[in-house]
Amino acid sequence: MADIRFDGKVAIVTGAGGGLGRQHALELARRGAKVVVNDLGGSMDGSGGGSDAANKVVEEIKALGGEAIANGSSVTDDAGVARMVKDAMDAWGRIDILIANAGILRDKSFAKMEIADFQVVLDVHLMGTVKPAKAVWEIMRAQNYGRIVVTTSSSGLYGNFGQSNYGAAKMGVIGFMNTLKLEGQKNNIHVNAISPVAGTRMTEGLMPPEVLAALAPEYVTPAVMFLCSEEAPTGVTMTAGGGAFAVSRIVETEGAFLGQKATVEAVRDAWAKISDAEGQKAYFAGGEQGQKFFRKMQGG
């Protein structure tokens, strides 16, 4: 089969000054895309800022013979996001791909976490995905083409001690994706999520050096390239790390119909059947599981 290429395509990658975002930006450029390299240049907790990181990646892309421009806007700043999109449109006249990768950490147990630490992580990860997506949405609709990849995490999908803020934000982007996949279908806009396991500055203090080496960011990038390609599915959460790739799904059990007058005791007594994993299926609105739900409501 032919190689996946992005010739003629324009991509925005947020948080692309290092780690995963840098690898995504470089690979897009290697495969022919023109790239907006966005990075605020702040520390891991989101403080500070500067354009050095983004400029360095742009120079790397140019050294490969590619085209790229740097942007130092915060993904939480409305004016900055608008400027990022304007930069792309002024330079190349279209935007085909958005990879929302920017992120920060403010890890603490929930008992010790300040609301401000919760809010800022939600702002960067969730609203910092929503705002760029909103800014490119009408452009993609007018083109009848778009690919958006949001970045989730096992902390959101499955939970992780000390990351209630991060987990809430990362599960939030899945809910966001699940609606955009429906609203974007008629205009050929595909929206997917990547759940990476990678050795970056966010994880370097959590893993020994040999594990970090085995989980290099570039081992995640092939999944992201597929999810933003013309051949991409839509509404998929792909996990990737260390050369392993899988799909994570929300499933629903067969359950039990107890009737509209069911009591709490009836729920308790039927719990084994309600929670039985045998026969469970991936749920999607309007699909077989959705129809089954309504049949249950009707007693069928």
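At what angle do the axes of helix H4 and helix H6 cross, and within what distance do they come?

Guide: The axes of H4 (residues 115-143) and H6 (residues 164-184) cross at roughly 20° and come within 8 Å. Quick caveat: this is a predicted model, where local features need pLDDT of at least 70 and side-chain atom pairs count only at pLDDT 80 or more, while totals for chains, interfaces and linings use all residues. Residues are numbered from 1 along each chain as its sequence is written, and side-chain values use heavy atoms, with hydrogens and water left out.

Helices (H or I, at least four residues) and strands (E, at least two) are DSSP runs numbered from the N terminus. Axes are lines fitted to C-alpha atoms, for helices over the stretch in contact, with angles from 0 to 180 degrees between N-to-C directions. H4 and H6 are therefore roughly parallel (under 35 degrees; over 145 is roughly antiparallel, 65 to 115 roughly perpendicular, the rest oblique). The crossing is right-handed, with the near helix turned clockwise from the far one by less than a right angle.

Residues in contact (heavy atoms within 4.5 Å) include Phe 118, Leu 122, Val 130 and Trp 137 on H4, and Tyr 166, Val 173, Phe 176 and Leu 180 on H6. By class, the contact of H4 with H6 has 13 nonpolar, six polar and three charged residues. Here Ala, Val, Leu, Ile, Met, Phe, Trp, Tyr, Cys and Pro count as nonpolar, Asp, Glu, Lys and Arg as charged, and the others, Gly among them, as polar.

H4 also packs with H3 (residues 78-92), at about 40° with the axes 9 Å apart, so this pair is oblique. H3 passes H4 in a right-handed crossing too. Asp 78, Val 81, Met 84, Val 85 and Met 89 of H3 meet Lys 131, Pro 132, Ala 135, Val 136 and Ile 139 of H4. That contact has eight nonpolar, no polar and two charged residues.

Now follow the chain out of H4. Asn 144 sits in the loop between H4 and strand S5 (146-151) and has a positive phi of about 55° although it is not a glycine. At 40% relative accessibility, Asn 144 counts as partly exposed (buried is under 20%, exposed over 50%, partly exposed in between, with a 1.4 Å probe and protein chains only). Past H6, Asn 188 lies in the loop between H6 and S6, with phi near 55°, again positive in a residue other than glycine. Asn 188 is partly exposed, at 28% relative accessibility.
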